[in-house]
Amino acid sequence: MAASLAIASSALSTFYRIAVYIFLEVAPVSRAKYVIPVLYLGYLLSSHFGTPAFSEVVTLKEEVVTIEQEKSERNGHVVTDVAVQEKTAVIPVVEPPTLRSALSTIIFSVPSPVRALRRLNLLINTLLFLACAEFVFFPYFDSASDVVYTRVGALYPDAAKIVLRYPAVNATENLVRVVWRQTNGKNDSQAPWRDGPIVNLTVHRDWVRTVSLQGLWPSTSYEYRFEDLNSTVLPYPSTPVQFHTSPDPRLHSGSHYRFIASSCMTPNFPYLPLHGRRIKGLDLLADYLWPSESASSSLATTLAQNVSAAMSSLTSQVTASANSTSAGNVATSPVNTTSSTVPETSVPPTEFMIFLGDFIYADVPIYFGDDVEAYRRLYRRNYNSPSFRKVYERLPIIHTYDDHEIINNYAGLGNTSLPPYPNATNAFELYNAEANYDPIDEGQYYYEFRYGDAAFFVMDTRRYRSDIFSDEPTSHTMLGDKQLTALYNWLGKVNNTAVFKFVVSSVPFTALWTYEALEDTWAAFPYEKSALLGAFQSVPNVIVLSGDRHEFAAIEFAAGDGGHNVLEISTSPMSMFYVPFVRTLKPRSEEVVNQTREEVVVKEDGSTEVVKHVEEVPREKVVKYIAEGNYKWSTIEVDTRDYNHPVVRLETVIDGKPAYHLEVLGKPVKLQSTTAIGALMPQSFKGMLDRIGLKPSRWF
């Protein structure tokens, strides 16, 4: 019995360690929080009651001589009667442990006669259990209630949104004044500080508030800091935070900039002991954007200058990576023409980041319940991360949300009172949504914005999502009627007013992902997706940005004759798990479209004839697929300086190293421009004329 329990203990320990490794290093699946304690308890019980006598039984025979009686014979000799008896003794023999047996005990928990090895085995399994406990419960105990931070959100030509969290001690409110000034791109600006808005921070709003700096100039660098009402400079930030306003989209002078796109992150995964606040993917992103600078100087110089200088040192790495990408990895004409290319040596500044959802994981590895403080705590934890601080204090970030900000695979049904939506979106709104661009419709989380010659529409894919397991599939919607109308109106508006059009979806638009994606992505809404795809393909240069799948893929949506191909770039995770070995993306769709190809044929008499061939091509096909990597983001470069040859260049970075490059040649768009003088005049100057009574709105 004891020997059987010892074998069971070894098996339980092995399965327990495999489960712990998967949970901490591969994927923090929620079911593991039940499996791991059960395996650990089973191991403890079986190891306690199942330790056998580690000995080999050896039988020895022993002769015992017994003197029974002595007799005297006649000749004087003494005669002794001797009785000889044979006894059997069982002696345990313990073999000394070898290196091989010791390693087997430590690695596989093989039973051992050495008590020290058994205790070491117990210690290892106990430490693993404590590591799991730290990973699960650290978000609860690390409330980050005292975190102080600021960041820049939406950038307009004449304004910028600023987020501030500055809790007060032993008070329920805190009044902070924002002061700002124009900067020349250096830290020696002599411009006077100008008073900005006074921010009323209250405990009711978790000490968070978003304010807007108005009266700015397009494409201009500024910096800001905080003061109390007595004009005393507050200790945070230690140096002013800098930002750069967006260009005026009414001035069609060409754009050249980069932005980052990714989604899905959680601190300390893959797990590292006592690193509960680290988000490694953001550490890698900071090194990628500013490789030559230390974290201590992260606020020392302007954003635009830092990015340009830092990117120059990456040219050789980018070139090497691009040369390693074969032409066979590139499809033809996702937008117009695509090709694998070596990026230019002059790298434009990275102006902002779009985070595509799953900013927090409210239900992974454990769901702490439908409680507003539980949701807020997770946001505070991320903003308290030194890894994230290195990025958000220097790079403006805008957000959308996905299911894990609420709960897995959430479908809102258009009902904002459906739990846990109210508490979840309360935290999302305070920390992320208020700093986004103003919504198209008040109270909504979908919005649009312009940056130079590119237009963006950011969807809300959760609030209005139907239950796909009820009603008729033709009635299923992801966006809802109101948002769909806004999206169609946006497409019509930007058709001839923007060169590139980026549609942002938290979940993939393609239906090529399988398994759970068939229920959670646009694949579950085929009718609405088909109508949208038709609209996208009626507009030139549409690119879909998505995340969620913890993999990277570039997908081409082929159009029929007369339409425009659409490219989707799906990138995730920023810092989370990926699934090894299992591949979940199909290479192409079964649905096809007809495309006409013309061929010039030379006849025998030397004349030529144009022959048309109708070919069937997949409606959707994979351009590039990269599943591996815990840390992924895409850098997207928009270059419209030559309106006859607009270009989008993609660089996908996996685990901190450039892994894939794609160049998308857009179709020329004849932009519609206004001839009004007002298009050339900043809103700040118009406001000044208003104040002196000249009423410029009557002129333009």
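These notebook entries record what I looked up in the predicted model above.

**Ground rules.** I kept in mind that this is a predicted model, in which local features need pLDDT of at least 70 and side-chain atom pairs count only at pLDDT 80 or more, whereas totals for chains, interfaces and linings use all residues. Residues are numbered from 1 along each chain as its sequence is written, and side-chain values use heavy atoms, with hydrogens and water left out.

**Overall make-up.** I began with the secondary structure and found 14 helices and 25 strands in the protein, both being DSSP runs numbered from the N terminus (H or I of at least four residues for helices, E of at least two for strands). Of the 700 residues, 51% are buried, where buried means under 20% relative accessible area, exposed means over 50% and partly exposed lies in between (1.4 Å probe, protein chains only). I then looked up the accessible surface, which comes to about 31,600 Å², with 56% of it belonging to carbon and sulfur atoms; these areas come from the Shrake-Rupley method with a 1.4 Å probe, and for residues only the protein chains shown count as cover. Among contacts (heavy atoms within 4.5 Å) with a separation of 6 or more, 72% are between residues 24 or more positions apart.

**Nonpolar cores.** The largest nonpolar core has 104 residues, and those with the most contacts inside it are Phe243, Phe259, Leu285, Phe388, Phe456 and Phe502; such a core is a set of buried Ala, Val, Leu, Ile, Met, Phe, Trp, Tyr and Cys residues joined through side-chain atoms within 4.5 Å. Apart from this core lies another, of 35 residues, which includes Tyr446, Val494, Leu533 and Phe557.

**Salt bridges.** I noted 28 salt bridges in the structure, each a side-chain nitrogen of Lys or Arg within 4 Å of a carboxyl oxygen of Asp or Glu. One of them joins the side chains of Asp206 and Arg380 at 2.9 Å, N to O. Because Asp206 lies in the loop between β6 (194–202) and β7 (208–214) and Arg380 in helix α8 (residues 372–383), the pair ties together parts that are 174 residues apart in sequence. Asp206 is buried at 8% relative accessibility, and Arg380 is buried at 1%.

I next looked up Arg649 and Glu637, whose closest N and O atoms are 3.1 Å apart in a salt bridge. Arg649 lies in strand β24 (residues 647–654) and Glu637 in strand β23 (residues 632–639), so this pair ties together parts 12 residues apart in sequence. Both Arg649 and Glu637 are buried. Salt bridges that share partners also join Asp402, Asp403, Arg462, Arg465 and Asp520 into one network.

**Glu393.** I located Glu393 in the loop between α9 (386–392) and β13 (397–399), where Glu393 is buried with a relative accessible area of 6%. The side chain of Glu393 makes polar contacts with the side chains of Tyr236 at 2.5 Å and Arg389 at 3.2 Å; a polar contact is a pair of N or O atoms within 3.5 Å, where within protein one must be able to donate a hydrogen and the other to accept it, and residues adjacent in sequence count only if both atoms are side-chain atoms.
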